[in-house]
Amino acid sequence: MIATLQGFTQQLVPANGIKLNAVTGGAGPPILLLHGWPETWWEWHHVMPLLAEHFSVVAIDLRGAGFSDCPLDGYDKATMARDAHEVMAALGHGRYAVCGHDIGGMVALPQAAIYREAVTHLAVLDVPLPGWTGWETTTARLWHFGFHMNRDLPERLIHGREYDYVSAFMAERFYDHSTFDPADIEIYAKAMALPGRTRGGMEWYRTLAADHAAALAYKKRPLAIPVLGLGGDRRFGAQMVPMLREFASHVTGGAIARCSHYVADERPHDVAAALIDFLKAT
């Protein structure tokens, strides 16, 4: 099953020496959406039509996921930020907003820090960020970080069991299960089962020590653009604003009620409304 969304088109965009799958639609100021693990661009499929009423929306599959290429290297977040930036440039968007969830948020922050002339607004959804003072203590409590960092073992154990792993993993991080369509699990699991994609997702975690070291440098020049931090009240919501204030001067946001980690799946209308208000107010 190939996920498609009415009113949006998909294309492979050459960027940073690879090809990335980009899904585009809407009209207006551009916003780029970056998904997390173990999802694809489909994470945003409830949010995208709401944003498209106001903005030109671009959602991509990150390097190593979905229909984007999964090369052997380049999974540090600065390289992945370059991927995303070059996609936007190839699509004709010289200046744009970026919103990332989970691993996508870890890409969005360096994207804003490195491409300051291009990124107008930054939104980060429910994720601890490399470079944050609470990084080590927080990630030490997250079992999957250590598991995914192991070389080869996760790929071997997950192979052929993608649906089982994705469904169990995401169920652990949902608060209101009635908001989630089980068919979406099938989309993510089939994407992960494509050649190289489980490895690609694991590589996102295997670079995190280097990402943390690199992100410390971003604090030396705090972002001056508007920054939004949102998270589920049952997950990282309370930490998002104070965490982002270590990297930026103008941060707003907070927690989304009755929500855990997958905010765009559980509360898409809240996420879209917050993004629209944020982008239109600043």
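Predicted model: local features only at pLDDT ≥ 70, side-chain atom pairs only at ≥ 80, totals over all residues.
Me: In what order do the eight strands of the open sheet stand?
Reply: Helices (H or I, at least four residues) and strands (E, at least two) are DSSP runs, numbered from the N terminus. Two strands pair if DSSP finds at least two bridges between them. The pairing in this open sheet is mixed, and the order of its eight strands is E1-E2-E4-E3-E5-E6-E7-E8.

Me: Which are the edge strands?
Reply: The twist of the sheet averages 25 degrees from one strand to the next. An edge strand here pairs on one side only, and the two are E1 and strand E8 (248-256).

Me: How many bridges join strand E1 to E2, and what links the two strands?
Reply: Strands of a sheet pair through backbone hydrogen bonds, either parallel or antiparallel. Strand E1 (residues 9-15) and E2 form a hairpin with two residues between them, and Asn16 in the turn has a positive phi of about 55 degrees. Within the pair, Gln10 stands opposite Val23 and Gln11 stands opposite Ala22. The sense is antiparallel, and the number of bridges is seven.

Me: Why is strand E2 described as largely enclosed by the rest of the structure?
Reply: A residue is buried under 20% relative accessible area, exposed over 50% and partly exposed in between (1.4 Å probe, protein chains only). Strand E2 spans residues 18-26, and it is largely enclosed because the buried residues number seven of the nine.

Me: Does strand E4 run parallel or antiparallel to E2, and which is the case for E3?
Reply: Five bridges join E2 to strand E4 (residues 56-60), and these two run antiparallel; Thr24 stands opposite Val58 in this pair.

Me: At what angle do helices H2 and H3 pack?
Reply: Axes are lines fitted to C-alpha atoms, for helices over the stretch in contact, and angles run from 0 to 180 degrees between N-to-C directions. Among the residues that meet are Ala81 and His85 in H2, and Met106 and Ile114 in H3. The axes of helix H2 (residues 77-90) and helix H3 (residues 103-114) are 8 Å apart, and the angle is about 75 degrees.

Me: Is Thr40 buried or exposed?
Reply: Thr40 lies in the loop between strand E3 (30-34) and helix H1 (48-52). Leaving out residues up to four places away in sequence, Thr40 touches His35, Asp61, Gly66, Tyr188 and Ala191. Its relative accessibility is 6%, so Thr40 counts as buried.

Me: Which residues are in contact with Ala274, leaving aside neighbours within four places in sequence?
Reply: Ala274 belongs to helix H13 (residues 268-281). With 22% relative accessibility, Ala274 counts as partly exposed. Its contacts, neighbours within four places in sequence aside, are Leu228 and Leu230.

Me: What is the relative accessibility of Pro195?
Reply: Pro195 is placed in the loop between helix H8 (182-192) and helix H9 (197-206). Pro195 counts as exposed, because its relative accessibility is 63%.

Me: Which feature does UniProt place at residues 29-267?
Reply: UniProt positions are given in the numbering used here, feature names are shortened, and annotations may be inferred rather than shown by experiment. In the model, this span is 43% helix and 18% strand, and its end C-alpha atoms lie 23 Å apart. The UniProt record, an unreviewed entry, gives the feature as "domain: AB hydrolase-1".

Conventions:
Residues numbered from 1 in each chain as written. Heavy atoms only, no water. Contact = heavy atoms within 4.5 Å.
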